[in-house]
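Work through these exercises with the sequence and the 3D view open. Try each task before reading its solution.

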Amino acid sequence: MERTLVILKPGTVQRGLIGEVTSRLEKKGLFLVGLKMQWLDDQILSEHYSHLKDKPFFGLLKKAMSSCPVVLMCWEGKDAVSVVRTLIGPTNGRLAPAGTIRGDYSMSTQENIIHASDSTENAEIEINRFFKKEELFDYQFKLIDSIYASDEK
C-alpha cells in the first residue's frame, strides 16, 4: 500500500469544508493513517514550497498558508498518490472538472482547497516533513476485503 500527504488549506478550514473533503477521500476507499491540525510557520512553508521560491506569488502563497491552521492528513491505499490527485483535480479550481474536490469547491489557483503529494517520492518527503513516525498509525482495516480484490492488497 502507498501513502500520500494531504493538506486542507486555510480556505477549507475557514469555509467549514474539512468534513466534506475528508468524507470524499474516505468514501473513495482510502484509509486515514495520520491526522492533525497545525499552524504552518515561515520555515516549514519555505521548505515545502521551495520549488516555487522564484515565482512572483511565493510571498502571497506563504501568507495565505499561514493565515490560519491547516489540517494535515496522511492517507493510505493502492496507488494512493494518483488516486488522490485524480479526486482533487487540476490546480486551478476554475478549470477543474465538476465532481473533483477543486472543481466543486474552488474558484482559484492559490485558494484551491487542498494540497496533495504529486509523486510517491514527494509523498515520502512531505509525510516526513509534517509527521513524526509516532503520529502515523498502522492498523487492520476491517473493510479492506470490501474495497480491494484479494490480488490487489
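**Exercise 1. One side of a helix**

Which residues of helix α5 (residues 80-88) are buried? Before you start, note that this is a predicted model, where local features need pLDDT of at least 70, side-chain atom pairs count only at pLDDT 80 or more, and totals for chains, interfaces and linings use all residues. Residues are numbered from 1 along each chain as its sequence is written, and side-chain values use heavy atoms, with hydrogens and water left out.

Solution. 
- Step 1. Apply the cut-offs: buried is under 20% relative accessible area, exposed is over 50%, and partly exposed is in between (1.4 Å probe, protein chains only). Helices (H or I, at least four residues) and strands (E, at least two) are DSSP runs, numbered from the N terminus.
- Step 2. Read off the buried residues of α5: Ala80, Val81, Val84 and Ile88.
- Step 3. Check their directions, taken from the helix axis to the C-beta atoms. They span an arc of only 100° around the axis, so they sit on the same side of α5.
- Step 4. Recall the helix rule: an α-helix has 3.6 residues a turn, so residues three or four places apart point the same way.
- Step 5. Find the packing partners. The buried residues of α5 pack against β1, α2 (18-28), β3, α6, β4 and α7.
- Step 6. Look past the end of the helix. Glycine 89 follows α5 and has a positive phi, near 85°.

**Exercise 2. A residue in strand β1**

Is threonine 4 buried or exposed?

Solution. 
- Step 1. Locate threonine 4 in strand β1.
- Step 2. Its relative accessibility is 0%, so threonine 4 counts as buried.
- Step 3. List contacts, meaning heavy atoms within 4.5 Å. Leaving out residues up to four places away in sequence, threonine 4 touches Met73, Cys74, Trp75, Ala80, Val81, Val84, Ser117, Ala123 and Ile127.

**Exercise 3. The largest nonpolar core**

Which residues touch the most other members of the largest nonpolar core?

Solution. 
- Step 1. Define the set: buried Ala, Val, Leu, Ile, Met, Phe, Trp, Tyr and Cys residues joined through side-chain atoms within 4.5 Å.
- Step 2. The largest such core has 22 residues, and Ile7, Leu40, Tyr49, Met65, Phe130 and Phe131 touch the most other members.
- Step 3. Trace the suppliers. At least two residues each come from β1 (2-8), β2 (31-38), α3 (42-48), α4 (58-65), β3 (70-77) and α7 (120-130).
- Step 4. Separate the other core. It has 19 residues, including Val6, Cys68, Met73 and Ile114.
- Step 5. Zoom in on methionine 65. Beyond its neighbours within four places in sequence, methionine 65 contacts Ile7, Lys9, Pro10, Leu40, Leu45, Tyr49 and Val70.

**Exercise 4. Aromatic pairs**

How are the rings of phenylalanine 31 and phenylalanine 141 arranged?

Solution. 
- Step 1. Rings of Phe, Tyr and Trp (its six-membered ring) pair if their centres lie within 6.5 Å; planes under 30 degrees apart are stacked, over 60 edge-to-face, and the rest tilted. The structure holds three such pairs.
- Step 2. The centres of phenylalanine 31 and phenylalanine 141 are 3.7 Å apart and the planes meet at 20°, so this pair is stacked.
- Step 3. Turn to tyrosine 148. Its ring centre is 6.5 Å from that of phenylalanine 31, with planes at 50°, so the pair is tilted.
- Step 4. Both phenylalanine 31 and tyrosine 148 are buried.
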